[in-house]
Amino acid sequence: MTRTHRLALANLWVAVLAFGVASAMALMQALSRANLELPWRSAKLYYLSVTAHGTLTALVFTTFFIMALGYVVAARALDRPLAGERLGWLSFWTALLGTLAVVAAILSGRATVLYTFYPPLKAHPAFYIGATLLIVGSWGWCAVMLRSYRAWRRENLSAPVPLAMHGMLATVIIWLIATVGVAAEVLLLLIPWSLGLTRTVDPLLARTLFWYFGHPLVYFWLLPAYVVWYTVLPKAAGGKLFSDPLARLVFVMFIVLSTPVGFHHQFMDPGISAGWKLFHTVNTLWILFPSFVTAFTVIASLEVAGRMRGATGLFDWIKTLPWGDPLVSSVVLSMLLFAIGGFGGAVNASFGMNAMVHNTAWVQGHFHLTVGSAVALTFMGVAYWLLPKLTGRNLELDLLARVQPYLWFVGMLLFSVSNHVTGLLGMPRRIYDASYGGSAIAESWRALTGLSAVGGLLLFASAGFFMLVMIGTGLAGKKAPQAAVEFAEPLEPPGPRAALFDRLGLWTAVAVVLVIAAYGYPLVRLLAMPRFGSPPFTPF
Ligand code: HAS
Ligand code: CU
């Protein structure tokens, strides 16, 4: 095992364990929503569990997984040792320490604030300080990624940066720009307030800083999945990448447009004028475009793979894909779910329709198809592919690994579609008791919440299969030589056009200008308004 492997593996295990704990919590929530009489069912436990589930999946599982994948991509695509491996370890321990503080605060009932930690809900300082350490750790990861790239660039003055690394660098840049917002929120507002140094907090300012971070956060999750769709999937499916420059264009568009869109989470917030909300909406509609391009390019690459496997008809290439390979099936099924989630995203982003779905169960339907499927299911597929390569052990229980993505797909369809519909019927998100004292409207949600609970059960079984395969492989997988990590070749080499898309410094500068244009004036206005802070609330 190389040193990079060990570092990646440490990050991967934290991600997998966080995912396992979070999935167990989710089962209780889905059943609770269906109003089943469970032992110990209470509002306090429900919100504690939702907080743990959201934080462990959205912030811990994703971040550690992305760090693991990033190290593998950097070492392999650049074909040189990481620059700053010690810093990588220091970052790992910092992020882990932060995670443990966050988890301790939540599980001891002192941080029931949900994963968005909106004030005036107040958590124990350990929650905010822990989250800060997690982010500081991720910044260390960013530094290792950038230093490795710079070292490679010095040795390769004119070659295009390998595509997988191009995508990971875009992820790093988006993350560095985004985390400025949450760092400001936590350091300037929430930590002093939770320590009792300030008496009140301004919820609108905090929400604005949070969503400055919260939207690009979703692309921090998504882009590593796109790296896999573009550079791993075509090869695993037996083909080639349809177009390299299109993939680079996509990553560059995400660098430029990920951040200046955050107000689409605040359409219903007062204190931000309609004109600025419109500006963020236009940017949001633009950022649908790189995902449409991705749909086109990745499906075209799958068609190339099918034809290289012998298909000749219009659609028979779909049949010839290796549907039994857990990486391929995870990714393709995650794409199918993402097509629905992306459609929902366009609905969310449209002001009038947002008024209809905001704060309803529709939203949790949306994000389980995006982060819970496009990202999480892709990452599970990646884990099946990566764990043997990192440990030098064959995948154990591979039948479970082959069934698991399909189970996730069916479970997620039941769960998410029913949540979209109950949302349209008016069911709020984040509620403990969906019966509303037996009111007629709440009665009309009943069959659908039951269906969503069945979906939840299938998802739980699927997550259980995943955990069994991971732990089984880690503990008992047979030692055997494993194929190296390899990336797909494009149909045509990148050529000189890549040079423009490789000018990441330039694109970062464009992104920063756009961020200042989108947030500068609204933030100045918010700070200048007479502000009435809120005292803290801790309902449980
Ligand atoms: Fe979102 C709320 C808008 C994408 C995550 N989003 C959320 C929340 C989360 C989240 C977690 O405008 C809840 C936050 C909270 O707790 O309050 N979202 C969008 C838009 C997009 C979008 C426009 N979201 C994501 C992604 C996420 C994510 C990605 C995580 C990874 N979202 C919103 C808005 C809200 C929101 C509002 C606020 C709602 C509210 O009121 O609170 C776009 O980026 C989506 C683009 C995607 C597509 C799909 C392309 C399809 C592809 C696959 C095709 C392949 C196929 C396979 C069909 C356009 C790439 C074929 C296979 C063969 C074999 C042939
Ligand atoms: Cu968003």
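A salt bridge is here a side-chain nitrogen of Lys or Arg within 4 Å of a carboxyl oxygen of Asp or Glu. By this rule, 9 salt bridges are counted in the structure, which is a predicted model.

Glu-85 has a relative accessibility of 12% and so counts as buried, because buried means under 20% relative accessible area. Arg-3, at 57% relative accessibility, counts as exposed, because that term applies over 50%.

A second example is the salt bridge between Arg-531 and Asp-202, whose closest N and O atoms are 3.2 Å apart. With a relative accessible area of 40%, Arg-531 is partly exposed, whereas Asp-202, with 13%, is buried.

The salt bridge between Glu-303 and Arg-307 has its closest N and O atoms 2.8 Å apart. Both residues lie in helix α9 (residues 274-308), and the 4 residues that separate them amount to about one turn of the helix. Glu-303 is partly exposed at 28% relative accessibility, and Arg-307 is likewise partly exposed at 30%. Salt bridges also form a network in this model, in which Arg-153, Asp-244, Arg-248 and Asp-502 are linked.

Attention may now turn from charged side chains to nonpolar ones. The largest nonpolar core contains 162 residues, and within it Phe-127, Trp-141, Met-165 and Trp-229 touch the most other members. Helix α6 is the element that gives the most to this core, contributing 20 residues. Phe-127 illustrates how such a member is placed: when residues up to four places away in sequence are left aside, Phe-127 touches Val-102, Ala-105, Ile-106, Ala-111, Val-113 and Phe-117. There is also a second, separate core of 6 residues, among them Ala-361, Met-427, Ile-431 and Ala-434.

The model also includes a ligand, ligand 1, which is surrounded by 34 residues. The closest of these are Tyr-115, Tyr-219, His-358, His-366 and Arg-429. Several polar approaches can be described. A polar side-chain atom of Tyr-115 is located 2.8 Å from an oxygen atom of ligand 1. In the side chain of Arg-429, an N or O atom is 2.7 Å from an oxygen atom of the ligand.

The shell around ligand 1 draws on several helices. At least two of its residues come from each of α6, α9, α11 (326-348) and α13 (361-391), and α11 gives the most, with 8 residues. Sorted by class, the shell comprises 22 nonpolar, 11 polar and 1 charged residues.

Some features of the backbone complete this account. Pro-119 and Pro-120 are joined by a cis peptide bond, for which omega is about 15 degrees. Pro-120 is placed in the loop between α3 and α4 (125-155). Leu-114 is also placed in the loop between α3 and α4. The phi of Leu-114 is near 65 degrees, a positive value in a residue other than glycine. At 10% relative accessibility, Leu-114 counts as buried.

Tyr-436, which is not a glycine either, has a positive phi of about 45 degrees. Its position is in the loop between α14 (398-424) and α15 (440-476). With 42% relative accessibility, Tyr-436 counts as partly exposed.

Notes: Residues numbered from 1 in each chain as written. Chains lettered and ligands numbered in written order. Predicted model: local features only at pLDDT ≥ 70, side-chain atom pairs only at ≥ 80, totals over all residues. Heavy atoms only, no water. Buried < 20%, exposed > 50% of the residue type's maximum accessible area, 1.4 Å probe, protein only. Core = buried A, V, L, I, M, F, W, Y, C linked by side-chain atoms within 4.5 Å. Contact = heavy atoms within 4.5 Å. Near = heavy atom within 4 Å. Polar contact = N/O pair within 3.5 Å; in protein donor to acceptor, adjacent residues only side chain to side chain. Nonpolar A, V, L, I, M, F, W, Y, C, P; charged D, E, K, R; others polar.
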